[in-house]
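Please look over the chain shown here before reading the report.

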Amino acid sequence: MRFVIIGNSAAGVAAVETLRRLGGFQHRITVVSDELTGAYSRCLLPDLVAGKSTEYSIRLRPAEFYRRLEVELLAGVAAVEVRPGEKRLVLQDGRELAYDRLLVVTGASPVLPAVPGVKAEEVFTLRTLRDARRLSALVPRVSGAVVVGGGLVGLKAAYALKQAGLAWVTVVVTSPRLLIRQLDERAAAMVERELLNAGIDFIYNARVKAFAAGPQGRLTGVELEDGRELPAGLAVVAKGVRPNSGLVEKAGGKVGQGIVVDGNMRTSLDDIYAAGDCIQVTDRLTGQKVNSALWTLAFEQGRYAAANMLGIARPYPAPLTRLNSARFGGVDVVSVGNLEGEEVLAQYDPLSRTYRRLVFDGERLAGFILAGKVDGAGVYTALVKSGRPAWAYRRQLLQGQVGSVSLGTLLEQGKKDLNRNCHINTAT
Ligand SMILES: Cc1cc2nc3c(=O)[nH]c(=O)nc-3n(C[C@H](O)[C@H](O)[C@H](O)COP(=O)(O)OP(=O)(O)OC[C@H]3O[C@@H](n4cnc5c(N)ncnc54)[C@H](O)[C@@H]3O)c2cc1C
């Protein structure tokens, strides 16, 4: 059987490993990637910009990975067309590849606002290694930056730019506060304080009107809709991502909030599977169809897709799609599941400088936020995932005494979750 995989990141690497682990070496595997390098951790790109990681240290697998697993890697070339009727794939350079089963793991691309100047060379997104390299090359030549977007990627980018040595970094946020989709007011204020201390400024309730250029066409600043003008030698736009579902859509496949897949990661096209940031999933807690845009989910889905491609039926359970964590200086934050519910308990512990918010729906923990110290986050996550009754443990959970939440199996599960998470990822 010939397997072709389009995309070489979290979902693609997980799929390759699973195909070999479960299917042995008798199958042929070809990976097509429009990036030039081997796979790397996107989550760690801010660390690269900050000068705290190297390209070597953020590699996902060693250089010999593809050779060892006997994978043909076609790097630096995009797949431009899928012909499901012929079971063929067309590459940008005109080559055609035949497949028996195709996996689409094309990820997502940053959304750019439709405002004048957004295409300027000094206006960046932070999604690829190429973005990070270009950004790092410009940093020593400018004094300040504007980051557009107060979500996790925007804040990580802002923090990284400050650490990289910029004199000023201003974050422009559309909402009245930071991390509006991940944190409540209290936790967001803790992150804000940490970032203010690091020398980052914030402008809330503001929208970008244009990226302004000087006579030589270089970025000089960012104009806001309210008339303010912020000087900037570079800008980073972090306004979310859009799934790369075009190949499947053009081939006639169903697309909603991403490529539509069934419980076995099959698209609506014969012998074509999809996983990762490019697909639509059903959130376990809300039942809503959403785009799946998390590293851990992409990795997990790549594994499920590969097993199913081998004919080993592995139904993919509806995932928790709200699962975020980051570290900003001395403040760790983890936020999982629902932010609101029937019963909300919240407490700040001044001794450990930790804020905990628990959201209960009946007996079950439907979500939580930890800010400050996040020890035991895996246990809270396991409780949310499992849906087991947790109300009886509310006091211990609120006080962070998870060791006394004597749910052995959950503890084990929690540890596993923590260990394999890119989302427990550092932005320091
Ligand atoms: C700065 C940053 C920080 C992040 N931090 C976190 C975090 O802390 N926690 C977390 O869970 N997630 C985080 N994420 C999100 C996480 O990186 C993604 O969820 C994950 O990378 C998705 O993996 P994927 O394999 O689905 O797709 P991607 O990583 O997007 O990879 C898809 C690959 O396919 C390639 N491709 C696309 N189209 C084609 C084509 N036509 N032909 C050939 N190749 C193609 C792309 O170039 C890319 O290499 C972060 C992302 C960024 C950018």
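The report that follows describes a predicted model.

## Domains and record

The domain assignment divides the protein into domain 1 (2–109 + 242–309), domain 2 (123–237) and domain 3 (323–419). A UniProt record, an unreviewed entry, lists residues 2–302 as "domain: FAD/NAD(P)-binding"; the end C-alpha atoms of that span lie 17 Å apart, and its content is 24% helix and 28% strand.

## Interface of domain 1 and domain 2

The centres of domain 1 and domain 2, taken over C-alpha atoms, are separated by 30 Å, and 14 residues of domain 1 are in contact with 13 residues of domain 2. Between them the two domains bury about 1,300 Å², of which 63% is on carbon and sulfur atoms. Of the area that domain 1 buries against domain 2, Leu45, Pro46 and Val49 supply 40%, more than any other three residues.

Two salt bridges are found across this interface by the rule.

## Surroundings of Val147

Val147 belongs to strand S10 (residues 144–148), and it counts as buried because its relative accessibility is 0%. Leaving aside neighbours within four places in sequence, the residues in contact with Val147 include Gly154, Ala158, Leu161 and Val236; the C-alpha atom of Val236, although 89 residues away along the chain, is separated from that of Val147 by 4.7 Å.

## Hairpin of S24 and S25

Strand S24 (residues 343–349) pairs with strand S25 (residues 354–361) in the antiparallel sense over seven bridges, with Ala346 standing opposite Arg357 in S25. The two strands, S24 and S25, form a hairpin with four residues between them, and in the turn Arg353 has a positive phi of about 50°.

Conventions. Residues are numbered from 1 along each chain as its sequence is written. This is a predicted model: local features need pLDDT of at least 70, side-chain atom pairs count only at pLDDT 80 or more; totals for chains, interfaces and linings use all residues. Side-chain values use heavy atoms; hydrogens and water are left out. Two strands pair if DSSP finds at least two bridges between them. UniProt positions are given in the numbering used here, feature names are shortened, and annotations may be inferred rather than shown by experiment. Buried means under 20% relative accessible area, exposed over 50%, partly exposed in between (1.4 Å probe, protein chains only). Contact means heavy atoms within 4.5 Å. Domain bounds come from an automatic or database domain assignment. Buried area is the accessible area (1.4 Å probe) that two parts lose on being put together, summed over both. A salt bridge is a side-chain nitrogen of Lys or Arg within 4 Å of a carboxyl oxygen of Asp or Glu.
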